[in-house]
Amino acid sequence: MVQASESDILTIGGVLNDSARPLKERFRALFTLKNIGGAMAIDQIHACFKDPSALLKHELAYCLGQMRDPTAISILTSVLEDLSQEPMVRHEAGEALGAIGESSVIPLLEKYCKDPIPEVAETCELALNRLRWLESNSNAKDLQKNPYLTIDPAPPAEITDVKVLRDILLDESKSLFDRYRAMFSLRNLNTRESILALAEGLKTGSALFKHEVAFVLGQLQDEASIPGLQASLEDTKENEMVRHECAEALGSIATPECYEILNRYLNDSKRVVHESCVIALDMCDYENSTEFQYADTLAKLSTV
């Protein structure tokens with residue numbers, strides 16, 4: 001946890017909640033608050049759920065889940081239950097509840113497994129399976145660890161054979177939880193063969209599944225996945241949640257080709273896509289800079 005004064009947290013929260021600020025600054029402020037943690041940082045994040053940007057609100061929920069602070073459960077519950085929130089925001093709230101890992105939310109997740117929005121229902125099913133897995137595998141802490149320091153919606157499978165994992169990943173008759181487990185195992189292997197197997201997942205399954213594949217490819221930051229990510233971003237018939245995640249993955253890979261692709265979609269007709277390209281281009285700048293960290297709002301305060 002990063003040390004920050006109450007005054008600093010309020011100032012950083014002010015950046016996050018200022019709709020007149022560039023979106024990229026607000027994202028960096030959000031991730032700074034995530035790294036600081038604690039009740040006051042959570043309050044500042046909570047206040048931003050009134051924002052009109054679905055992309056930003058979805059990221060708020062993601063950060064609350066990654067913080068793993070039970071204080072955020074009531075906030076995330078309200079977001080999941082709020083039918084006026086965009087599906088991608090409600091989906092992320094459901095995933096975040098699973099990430100926090102408290103069994104008290106099981107009845108809530110069971111209820112929303114029946115949500116009419118597929119992305120929300122599938123997410124709650126995954127979160128429910130994660131919590132049940134945690135209950136029955138309390139000694140398997142090593143299996144939950146990964147090189148990317150994220151709380152994943154499913155633990156990796158114990159299988160390491162890429163062909164077997166690929167077959168599970170692409171088999172739509174398998175449960176979504178098992179396919180996610182294969183996905184995270186392929187990510188953790190981080191070989192060219194495993195990355196190409198993951199990229200095949202961009203062409204099959206639900207919007208939720210494909211968006212998670214794109215997220216994982218962004219974590220891997222391998223140029224071999226650029227063609228698949230580009231194709232999905234360019235497909236205007238693809239679900240905007242998938243296209244958004246492909247844009248952000250390209251931002252993490254951050255090659256000159258990625259810059260070029262992202263700049264072409266800065267004026268996309270879908271708000272979540274063009275905003276994702278703005279954030280992705282900022283990620284490109286960060287990845288190609290000498291900056292110490294992306295979440296730099298606190299550091300910038302000390303230079304003012």
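This is a predicted model: local features need pLDDT of at least 70, side-chain atom pairs count only at pLDDT 80 or more; totals for chains, interfaces and linings use all residues.

Colleague: Which residues does UniProt list under "binding site" from His211 on?

Modeller: The unreviewed UniProt entry places that feature at His211, Glu212, His244 and Glu245. They are spread over 35 residues of sequence but cluster in space, with a largest C-alpha distance of 11.1 Å. His211, Glu212, His244 and Glu245 are in the lining of the largest pocket.

Colleague: Where is His211, and what does it touch?

Modeller: His211 sits in helix H13, residues 207–220. Beyond its neighbours within four places in sequence, His211 is in contact with His91, Met241, Val242 and Glu245.

Colleague: Is His211 buried or exposed?

Modeller: Buried, because its relative accessibility is 2% and the cut-off for buried is under 20%.

Colleague: And Glu212, what are its contacts?

Modeller: Glu212 is in helix H13 too. Residues up to four places away in sequence aside, Glu212 touches Glu95, Pro153, Tyr180, Met183 and Phe184. Its relative accessibility is 3%, so Glu212 counts as buried.

Colleague: What about the UniProt "binding site" residues that include His58?

Modeller: UniProt, again from an unreviewed entry, lists His58, Glu59, His91 and Glu92. These cluster in space although they are spread over 35 residues of sequence, and the largest C-alpha distance is 11.0 Å. From this set, His58, Glu59 and Glu92 are in the lining of the largest pocket.

Colleague: Where does Glu92 lie, and what does it touch?

Modeller: Glu92 lies in helix H6, residues 87–100. Leaving out residues up to four places away in sequence, Glu92 touches His58, Ala61 and Tyr62. At 4% relative accessibility, Glu92 is therefore classed as buried.

Colleague: Switching to H15, how many of its residues are buried?

Modeller: 13 of the 14 residues in H15 are buried, which leaves the helix mostly covered. H15 runs over residues 240–253 and reaches 20 Å from its first C-alpha to its last, close to the 20 Å expected.

Colleague: What is at the start of H15, and what follows the helix?

Modeller: At the start, a side-chain oxygen of Asn239 comes within 2.7 Å of the backbone nitrogen of Met241. Ala254 follows H15, and its phi is positive, near 60°.

Conventions:
Residues are numbered from 1 along each chain as its sequence is written. Side-chain values use heavy atoms; hydrogens and water are left out. UniProt positions are given in the numbering used here, feature names are shortened, and annotations may be inferred rather than shown by experiment. On a 1 Å grid over the protein atoms alone, a cavity is a set of points where a 1.4 Å probe fits but cannot get out, and a pocket is an open set with protein on both sides within 12 Å along at least five of seven lines; lining residues have an atom within 4 Å of a point. Helices (H or I, at least four residues) and strands (E, at least two) are DSSP runs, numbered from the N terminus. Buried means under 20% relative accessible area, exposed over 50%, partly exposed in between (1.4 Å probe, protein chains only). Contact means heavy atoms within 4.5 Å. The expected span of a helix is 1.5 Å times one less than its number of residues. A polar contact is a pair of N or O atoms within 3.5 Å; within protein, one must be able to donate a hydrogen and the other to accept it, and residues adjacent in sequence count only if both atoms are side-chain atoms.
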